[in-house]
Amino acid sequence: DALASPWLLNHLKGNEWWIRACHAPEIAKKLGVEFTELEALYFRDLYYWEPTKRYGCKMSCPTCGSAQHTKIKDWSNTRTVVGLKRNYFILGKRYECNKCVPAFRAAKEIAVAAALAANPSWSTHRAEQELTSEDIGAESGYFTGFDAASLALLSHNRSLDLPAFLTHRGGLDRDLVDLMRPLVVSGQRFERFSKMVLEMQTKQHTRTLIRREDEVKFRREQGSVCGDGSDKQLFSKFSDRKGWNGFVPSSRYFADVYKAHSKSIKGYLDTEVKKRGAETLSWDVSYKEAKLLCQYKGQPVFKGLVTACNEYGEIRLQFHVVTDGHDQFEAQLEAFVATMNSYGHTLPSLLFTDNPWMDKAFFQRVLPSLLASERKMNNQPEADAGDVDLSLFDVDLDVLGDYLKDLVLHLVQ
């Protein structure tokens with residue numbers, strides 16, 4: 001275990017648990033790893049994630065939620081994380097729970113026996129391959145330090161120190177996820193975002209290639225050569241697995257990560273929406289989205305999507321309805337009123353709808369603030385045109401009068 005060396009552990013602590021590509025050649029020499037000068041240009045950053053060493057705490061088992069029976073088992077598989085200019089690796093440890101592992105093995109033996117009894121032609125190996133965790137009825141008790149379930153059990157939001165949002169076998173750098181969110185909201189498609197990341201990564205590859213070729217040219221002009229002979233080798237292509245090994249996932253992968261990340265922060269997003277006030281509400285029902293969302297036997301499940309925005313254009317209510325009846329709105333509006341009251345907001349004084357004559361009585365009943373606002377406006381004295389002080393407006397009255405005379409004569413003719 002290289003981490004048993006104090007110098008390497010001190011290096012990780014002093015560099016926020018990163019082994020940067022620029023430090024990798026020096027570390028590789030200390031570890032006795034042989035490499036050429038050209039291969040050193042292919043080194044990537046590596047992030048080491050082990051909360052037990054970093055925070056001095058034991059990892060909790062995602063199955064039983066306890067840290068009393070967990071221990072380090074071995075190294076986890078290295079994850080490749082996609083970055084804006086260059087991909088990097090995340091490495092950590094794999095853990096086992098001495099309480100859940102025996103229970104899983106016992107449940108697995110029972111499930112395998114049942115599968116063999118139901119399928120006599122199967123071998124034991126095939127039965128084990130066919131079984132899922134649902135069939136076994138228990139989790140394995142093995143987990144890594146960067147599994148989503150184990151990260152959720154870390155206290156004090158320490159999971160935020162992990163620089164990537166991980167998927168099943170890979171991940172995206174958090175800076176890239178943060179960049180993707182506003183771009184997607186502003187209308188950029190995932191296909192274009194994938195091409196943008198590919199452009200940034202290929203530019204980094206090209207810059208490194210040009211810098212390396214200039215260095216080789218300079219050495220030849222000085223009459224010196226590289227001792228390992230790598231200056232005679234061509235710089236690898238972007239996608240060469242034995243060289244630069246560049247890779248950018250498809251637009252589908254970016255879309256899946258976007259949805260998974262949004263789901264992971266759903267509680268925070270819901271709370272932020274609730275914090276927004278609403279002096280006014282603009283109420284609208286869209287029928288196009290509901291037709292395309294999902295269908296059952298060729299018929300749409302929902303009839304419309306209701307959206308209500310406040311005076312700043314922020315969505316305050318959004319839900320689907322199956323009919324145009326007001327009864328579809330009532331439960332959502334009651335929940336909205338309860339949320340506004342719990343956060344200390346005043347209820348809307350104005351509501352805009354495309355059918356006020358039909359909607360007025362319903363909305364004034366559910367939102368009493370609308371009726372109070374109407375009564376307040378009705379009690380206001382009517383304004384007299386003679387009371388208006390025209391001196392407040394920067395208008396030449398003589399020019400205005402001449403213009404009106406010409407306009408009247410033109411209309412009469």
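Reader: What makes Leu 350, Phe 352 and Met 377 a nonpolar patch on the surface?

Author: First off, this is a predicted model. A patch takes residues with over 30% relative accessible area and no salt bridge, with nonpolar side chains joined within 5 Å. Leu 350, Phe 352 and Met 377 form such a patch, and together they have about 290 Å² of accessible area. Take Leu 350, which sits in strand S14, residues 350–352.

Reader: What makes Lys 30 and Glu 26 a salt bridge?

Author: The cut-off is a side-chain nitrogen of Lys or Arg within 4 Å of a carboxyl oxygen of Asp or Glu. For Lys 30 and Glu 26 the N to O value is 3.9 Å, so the pair counts. The two are four residues apart in helix H2 (residues 24–30), about one helical turn. An α-helix has 3.6 residues a turn, so residues three or four places apart point the same way.

Reader: Are Lys 30 and Glu 26 exposed or partly exposed, and how do you know?

Author: Lys 30 has a relative accessible area of 51%, and exposed means over 50%, so Lys 30 is exposed. Glu 26 has 48%, so Glu 26 is partly exposed.

Reader: How do you know that Arg 276 and Glu 272 form a salt bridge, and which of the labels buried and partly exposed goes to each?

Author: Their closest N and O atoms are 3.5 Å apart, and the limit is within 4 Å. Arg 276 is at 33% relative accessibility, hence partly exposed. Glu 272 has 19%, and buried means under 20%, so Glu 272 is buried.

Reader: How many salt bridges does the structure hold, and what does the one between Arg 219 and Glu 37 tie together?

Author: The structure holds 19 salt bridges. In the one between Arg 219 and Glu 37, the closest N and O atoms are 2.7 Å apart. Arg 219 lies in helix H10 and Glu 37 in helix H3 (residues 37–40), so the pair ties together parts that are 182 residues apart in sequence. Glu 37 is partly exposed, at 37% relative accessibility. Arg 219 and Glu 37 also belong to a network of salt bridges that links them with Arg 211 and Glu 215.

Reader: Why are H10 and H11 called roughly perpendicular?

Author: Helix H10 (residues 190–222) and helix H11 (residues 251–264) pack at an angle of about 110°, with axes 8 Å apart. Roughly perpendicular covers 65 to 115 degrees, so H10 and H11 get that label. The contact is made by Phe 190, Glu 191, Phe 193, Ser 194 and Val 197 of H10 and by Ser 251, Phe 254, Ala 255 and Tyr 258 of H11.

Reader: And what makes H9 roughly perpendicular to H11?

Author: Helix H9 (residues 174–185) packs with H11 at about 95°, their axes 11 Å apart. That angle falls in the 65 to 115 range, so H9 is roughly perpendicular to H11. From H9, Leu 176, Val 177, Met 180, Arg 181, Val 184 and Val 185 meet Phe 254, Val 257, Tyr 258, His 261 and Ser 262 in H11.

Reader: Which residues of helix H15 are buried, and what covers them?

Author: In H15 (residues 356–366) the buried ones are Asp 359, Phe 362, Phe 363, Gln 364 and Val 366. Their cover includes strand S9 (280–286), helix H14 (327–342), S14 and helix H16 (368–378).

Reader: What is the phi of Trp 17, and is Trp 17 buried or exposed?

Author: Phi of Trp 17 is near 65°, a positive value in a residue other than glycine. Most residues other than glycine have a negative phi. Trp 17 is in the loop between helix H1 (6–14) and strand S1 (18–19). Its relative accessible area is 7%, under 20%, so Trp 17 is buried.

Reader: Where is Asn 157, and why is Asn 157 called exposed?

Author: Asn 157 lies in the loop between helix H8 (148–151) and strand S7 (164–166). Its phi is near 55°, a positive value. Asn 157 has a relative accessible area of 58%, over 50%, so exposed is the word.

Methods. Residues numbered from 1 in each chain as written. Predicted model: local features only at pLDDT ≥ 70, side-chain atom pairs only at ≥ 80, totals over all residues. Heavy atoms only, no water. Patch = residues over 30% accessible without salt bridge, like charges linked within 9 Å, V, L, I, M, F, W, Y side chains within 5 Å. Areas by Shrake-Rupley, 256 points an atom, 1.4 Å probe, with all protein chains shown as cover. Axes fitted to C-alpha atoms, helices over the stretch in contact; angles between N-to-C directions. Parallel < 35°, antiparallel > 145°, perpendicular 65-115°, else oblique. Contact = heavy atoms within 4.5 Å. Buried < 20%, exposed > 50% of the residue type's maximum accessible area, 1.4 Å probe, protein only.
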